[in-house]
Amino acid sequence: MKLPLYVLRTVATRVLGAILILMAILQILDLLEVTTDILDRGLGVAGVFYYAALRAPRLFEQVAPLGVLAGGLFAFSQLARENAVVAMRASGISGYRIVLMAVPVAIAVLSLDALCAQVISPRTDPTLSAWWAATTPVAERKPPTARTFRAGEDLVTAKEALADGAELRDLTIYRRDKAGALTERVVAPVASFQKGAWRLEKPVTTRFIGDRVEPMVAASATWPTALRPADVQALFADAPAPSAASARRALENGGSDRPQSFYATRLQTAFSGPLAALVMLLLSAPVAWANFRSGQGAILLTSGLAAGLVYLVADGLLSALGESGSLSPILAAWAAPAVFTALAVRAFVSLEG
């Protein structure tokens, strides 16, 4: 029982170490660009740590797959050099079981990766954007940029939105018939989300009926739409990265400013993306069979690293094709994990002999 626990502990410590090192490198590079601005705004060291904390979830998403790959390569090469794998196989433990002993580490990483992508980051990103905008010196503040998006069948233009997404300002709603002709325009200075619905303040509705134009003014009105504050936050984000929930709402006539294929692919990658940690572990596992005295170890180490990097490139390329509509969203999201998992299993079978 000691050897299996040793395998798990070795893989866990190497993967954790690799993730922390990669995160530290990215965090330092990121802070090099913003630390001067933070200090110039009088936010002090506390502001630097606050910025780093809010950026950490996104950085973890970036380094998680590479951390598992690097940690797995280091861990399995150590086990091979110490002859721990030989000892376990001599005691009747197959190579497949040795890999399974390390799988809980990959599952823990992919679970945390999914938690960051779908729960934590969608909350920290708007907080960071609002804090950064609020602390920007008045002289350096840029006027808000109007955003145009779809909300169901409505085409909407809004000048700005509050950080929590519950209020839109300088809103214009265009409604069209099935032929695409403009039938109605609604202009409101403010739209606020209250009690599960959007309420327009002092809307001016202009109806286009043939050659006639009929304006109408009201004190307030309800805007029937599936748009939600979380959708507004994603639409007005500087670098929008829709979560599975916001992508699903966009496909269900929520707020969207991109083609349906983009959101369909993002919805699929929300589930397939975290699996990269498991794929990386499988790609690094063949190193456990290496004979470092014959030079086989260097070959398997290089092959595992190359396979992991090629996987990231292929997965990114397929996702881009899916988002552009050139490839089926399901194929774009799941092809790379399926192919590279099959290649890793094929390597196991060949080395296990």
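Phe76 touches Val11, Ala102, Leu281, Ser284, Ala285, Val287 and Ala288, leaving aside residues up to four places away in sequence; contact here means heavy atoms within 4.5 Å. The model is a predicted one, in which local features need pLDDT of at least 70, side-chain atom pairs count only at pLDDT 80 or more, and totals for chains, interfaces and linings use all residues. Residues are numbered from 1 along each chain as its sequence is written, and side-chain values use heavy atoms, with hydrogens and water left out.

Phe76 also belongs to the largest nonpolar core, which has 47 residues, and is listed with Val11, Val109, Leu281 and Tyr311 as having the most contacts inside it. Such a core is a set of buried Ala, Val, Leu, Ile, Met, Phe, Trp, Tyr and Cys residues joined through side-chain atoms within 4.5 Å, where buried means under 20% relative accessible area, exposed over 50%, and partly exposed in between (1.4 Å probe, protein chains only). Two or more residues each come from helix 1 (2–40), helix 2 (44–81), helix 3 (84–90), helix 4, helix 8 (276–284), helix 9 and helix 10 (329–352). Helices (H or I, at least four residues) and strands (E, at least two) are DSSP runs, numbered from the N terminus. Another core, of 24 residues, lies apart from this one and includes Leu171, Val186, Trp198 and Ala247.

Ala247 leads on to helix 6 (residues 244–251), whose buried residues are Ala244, Ser246, Ala247, Arg249 and Ala250. Their cover includes helix 4 (95–134), helix 5 (229–235), strand 9 (255–256) and helix 7. Just after helix 6, Asn253 takes a positive phi of about 70 degrees.

Helix 7 (residues 260–272) in turn meets helix 9 (residues 296–323): their axes come within 7 Å and cross at roughly 140 degrees. Axes are lines fitted to C-alpha atoms, for helices over the stretch in contact, and angles run from 0 to 180 degrees between N-to-C directions. Ser261, Phe262, Thr265, Arg266 and Thr269 of helix 7 make the contact with Ser319, Gly322 and Glu323 of helix 9.

Two further backbone cases deserve a look. Most residues other than glycine have a negative phi. Lys195 has a positive phi of about 55 degrees, sits in the loop between strand 4 (182–194) and strand 5 (197–201), and is exposed, with a relative accessible area of 92%.
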